[in-house]
Amino acid sequence: MTTVIENNQKNDRLEVGTPLLEVKDLHVEFHTRDGVAKAVNGVNYSVAAGETLAVLGESGSGKSVTAQTIMGILDMPPGKVTQGEILYRGQDMLKMSNEERRRIRGQKIAMIFQDALSALNPVLSVGYQLGEMFRVHQGASKKEAKEKAIELMDRVRIPAARQRVNDYPHQFSGGMRQRIMIAMALSLQPDLIIADEPTTALDVTVQAQVMDLLAELQAEYNMGLILITHDLGVVADVADKIAVMYAGRIVETAPVHELYANPAHPYTKGLLRSIPRLDQKGQELYAIKGLPPNLLKVPAGCAFNPRCDVATDLCRTEIPALHHVTDKDGKELTGRRSACHLWKETLHG
Amino acid sequence: MGRFVARRLLQMIPVFFGTTALIFFMVHALPGDPVAAMWGDKAPDPVQVAALKHQMGFDKPLIQQYLDYMGKLLTGDFGTGLDQRPVIDKITEALPVTIRLALFAFAIEIVLGVAIGLFAGLRRGKAFDKGALVVTLLLISIPVPVLGFIFQTVFGQNLKWVTPTVQNSEDITQLVLPAVVLGSLSLAYVARLTRTSIAENIKADYVRTAVAKGLPRRKVIGTHLLRNSMIPVVTFLGTDLGALMGGAIVTEGIFNVTGVGNALFKAINMKEGATVSGFVAFLVLVYLAAGLIVDLLYAVLDPRIRYA
Amino acid sequence: MPDLTEKKTTAEIPEQRTATAAAKPEKPRSLGSDAWHDLRRKPIFVISALLILLLIVIAIAPGLFTSVDPRAGDLRNHYLTKPNYSHLFQPDWFGYDLQGRSIYARVVYGARASVVVGICVTLGVTILGGIAGMVAGYFGGWVDTIISRVTDIFFGIPLLLGALVILNAFTSRTVWSVVFALVALGWTQMTRVMRGSVITVKQADFVTAAKALGAGTGRIMFKHILPNAIAPVIVVATIALGGYIATEATLSFLGIGLQDPTISWGIDINSAQKVIRTAPFALFFPAGMLSLTVLAFIMLGDAVRDALDPKLR
């Protein structure tokens with residue numbers, strides 16, 4: 001299809017379904033002058049080749065911090081991993097040396113950031129930044145790198161790539177910039193891409209285009225994709241499974257359709273209710289009452305309890321475990337978990 | 001880009017005329033009669049004074065004098081001093097020394113300043129950074145005369161590493177001390193500017209992206225961080241070269257360097273209007289040229305302003 | 001994790017900041033009060049502020065610190081006698097100069113010239129330059145062009161050189177001559193800073209909102225734009241103050257700044273040149289005092305800048 005493939009080790013690609021990344025019981029803290037903020041409190045999720053995991057949550061839920069810890073780009077003071085493992089192809093990255101992690105970064109696991117304008121270097125041409133991956137990691141010459149850059153730009157459908165390869169980031173529109181970022185991320189055909197709010201800064205129509213592109217490329221290269229977002233609308237088309245995060249914890253996981261159809265956690269329910277719908281015309285919009293918690297002082301028990309309509313005394317004292325969700329007959333529903341004492345009532349009504 | 005250059009050049013013209021006019025009028029508004037002063041302590045003969053004045057054109061209205069002056073200037077004639085020597089000769093006499101000194105100081109301030117600033121910025125809050133801040137603060141605070149004397153006494157007389165004053169300005173080793181003194185203030189500014197710029201830019205998103213791309217550290221710093229951080233520093237350096245050439249009066253005085261600053265100082269004291277105007281016009285040209293080069297460099301470094 | 005970064009504060013972690021802000025019920029602090037809050041705790045600010053206060057007191061009432069007349073030279077006090085370090089605050093504490101005058105007294109009285117020049121020049125430059133910059137930045141167009149060209153013209157004259165030329169025109173030079181010369185040449189620095197700051201602030205939404213509500217030009221300029229644009233100006237002014245003191249001393253040192261009978265550290269440094277080998281203390285004390293003063297103002301400026309920098313909040 002495209003020559004970008006030629007250089008990559010095709011025999012290294014995993015079968016669809018083999019786990020690529022497993023985050024196990026990850027705990028990350030920040031030591032600030034006001035105290036210790038517990039940003040990530042026991043997160044577990046995994047992604048397999050060809051699979052898309054959507055991580056959903058508001059600001060402060062810990063979704064970005066988890067992603068950055070996986071990439072290894074979190075600032076380590078004041079951040080600190082206090083517990084857990086991050087397994088990439090079975091090996092714990094947290095135990096690797098800095099140099100080993102650096103070699104994985106960009107080449108095997110790549111990241112796409114939210115604001116492409118600030119994430120791209122303003123004084124270097126787009127072609128340079130795209131070609132850098134090839135020059136640094138594969139020893140390509142300047143000419144070769146430039147050709148590859150043009151190929152990549154073509155691949156992500158930037159018109160007139162050859163003429164625009166020497167242009168600078170500020171000369172492109174928002175949507176095109178985001179596509180350049182995507183191109184940069186997949187230039188060396190990584191196993192896994194982490195997209196941190198890739199469409200939040202874009203218009204709705206452009207959002208759809210970018211998400212389509214992402215899905216297409218993922219299928220082509222059989223990559224795993226972790227899509228971090230707070231926007232439920234974006235996720236529906238692209239994700240295979242969803243993990244909902246709140247206050248540094250996963251509160252629900254489910255395959256995508258089941259989450260929308262039958263949520264098993266009050267928070268998820270609240271999020272779904274908050275999406276404005278056409279048939280609500282004339283009515284007041286719903287919003288979950290209250291605000292996300294201060295990470296320096298997380299509420300006792302279930303962190304969501306102050307905002308929950310159905311909270312009980314148990315909720316206020318005991319942190320719920322991530323229960324396996326079953327159907328009405330007690331049969332376990334695969335891939336479904338809920339961190340709620342009242343998950344049964346929430347799910348089954 | 002061409003339009004940018006053209007625009008800048010056009011801007012320079014009124015400024016050049018404005019500054020030279022300003023200097024001309026400032027100088028010639030000086031009370032005191034330089035022609036009469038040529039007689040020294042003796043009483044000047046009014047007739048001879050008048051004759052000389054007429055010969056030198058001092059009795060024409062000031063505006064006329066200015067126009068004559070500008071006219072000559074545009075043909076490269078910087079005027080004649082009271083001793084009948086063309087000012088341009090005096091300039092070319094004093095210039096090489098000043099250029100040597102200024103370039104030397106410039107090199108010191110760039111190399112040391114950027115290096116110190118880079119390390120301090122990367123290790124912000126740590127020992128080197130704090131030390132660098134203190135040292136640069138001292139260099140900024142201690143006025144040039146004081147610094148000059150300290151260096152001269154300590155390194156020239158006490159430790160005898162270099163000659164205390166410059167005997168032969170062709171010998172570059174003798175220029176070390178004045179170059180260091182001249183460059184020290186600017187070095188401090190360059191170091192601080194670099195440090196702040198680096199410390200700020202290191203938090204930038206594009207640096208995070210560079211790290212996320214798995215680039216080795218020296219590439220992240222050398223290519224991505226430095227290119228962005230150098231922009232304000234280059235701007236400062238540009239205006240500094242002009243200042244170094246014109247403002248070295250004190251340093252030249254202490255170390256006995258017969259450069260432009262020295263000549264200018266003498267001319268001002270002797271109220272030699274033509275000489276002063278000539279010298280300053282020349283310096284203004286240098287200053288404007290340096291400013292233009294800086295703006296061009298700025299456009300090269302930061303593509304965003306090329307298309308503004 | 002490569003050691004590319006330093007400690008970050010709460011403000012750096014976006015999720016963190018939202019969470020903290022959400023939970024705190026206190027009123028959000030303005031930039032000014034936030035700055036003051038930070039400043040009070042910084043040792044550099046406290047030290048330099050105290051030093052400056054001391055200097056101002058010395059400048060206002062030198063008689064409190066010494067009873068000797070700094071202009072009265074008694075040749076019986078020989079300049080080669082070593083200073084008597086144990087005689088704190090006595091006339092011979094710092095020794096005597098070539099004319100038999102008490103160096104200590106001269107150092108004390110010299111503070112006045114420096115402080116007055118520094119403060120007056122800074123005020124003049126800030127007001128003049130500030131207004132010019134504000135007008136240029138706010139109105140834009142040809143007003144801006146004219147003011148900017150004029151600024152460029154003055155900018156083309158190095159401060160020292162221009163001051164040399166101006167001061168040469170005065171036969172008798174007092175503190176006010178020096179102030180005049182420095183203000184006449186230095187206002188451009190403030191103009192540039194203020195203009196840049198105003199241009200940035202002008203584009204903010206709250207200015208557009210004020211206009212939409214019918215606020216007049218004057219009101220917008222002074223009530224809305226000025227408070228928000230003034231921070232960089234304050235920073236530059238505080239640091240420049242130190243620079244003006246240094247410039248005055250340099251001018252006096254060159255012999256075209258202040259003259260006798262005005263007392264200035266620069267003059268003393270000049271006369272101390274002749275005896276630098278035999279009586280270095282004659283240079284050391286005025287030079288040291290001068291350096292300390294400049295240092296205090298620059299440290300103050302540094303502290304103020306760090307406190308007012310919104311990026312470090």
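These legends describe close-up views of a predicted model. Local features need pLDDT of at least 70 and side-chain atom pairs pLDDT of 80 or more, while totals for chains, interfaces and linings use all residues. Residues are numbered from 1 along each chain as its sequence is written, chains are lettered from A in the order in which they are written, and side-chain values use heavy atoms, without hydrogens or water.

**View 1. Chain A meets chain B.** In contact (heavy atoms within 4.5 Å) are 24 residues of chain A and 22 residues of chain B. The two chains bury about 2,100 Å² between them, 60% of it on carbon and sulfur atoms. Buried area is the accessible area (1.4 Å probe) lost on being put together, summed over both parts.

**View 2. A salt bridge joins Glu132(A) and Lys219(B).** The N to O distance is 3.5 Å. The rule asks for a side-chain nitrogen of Lys or Arg within 4 Å of a carboxyl oxygen of Asp or Glu.

**View 3. The largest cavity has a volume of about 80 Å³.** A cavity is a set of points on a 1 Å grid over the protein atoms alone where a 1.4 Å probe fits but cannot get out; lining residues have an atom within 4 Å of a point. The volume is the space filled by probe spheres set on the points, which are joined across faces, edges and corners. Of 13 lining residues, Pro266(A), Cys302(A), Cys308(A), Cys315(A) and Cys340(A) lie nearest the centre.

**View 4. The second largest cavity holds about 70 Å³ of space.** Its lining includes Met133(A), Met181(A) and Thr209(B).

Conventions
On a 1 Å grid over the protein atoms alone, a cavity is a set of points where a 1.4 Å probe fits but cannot get out, and a pocket is an open set with protein on both sides within 12 Å along at least five of seven lines; lining residues have an atom within 4 Å of a point.
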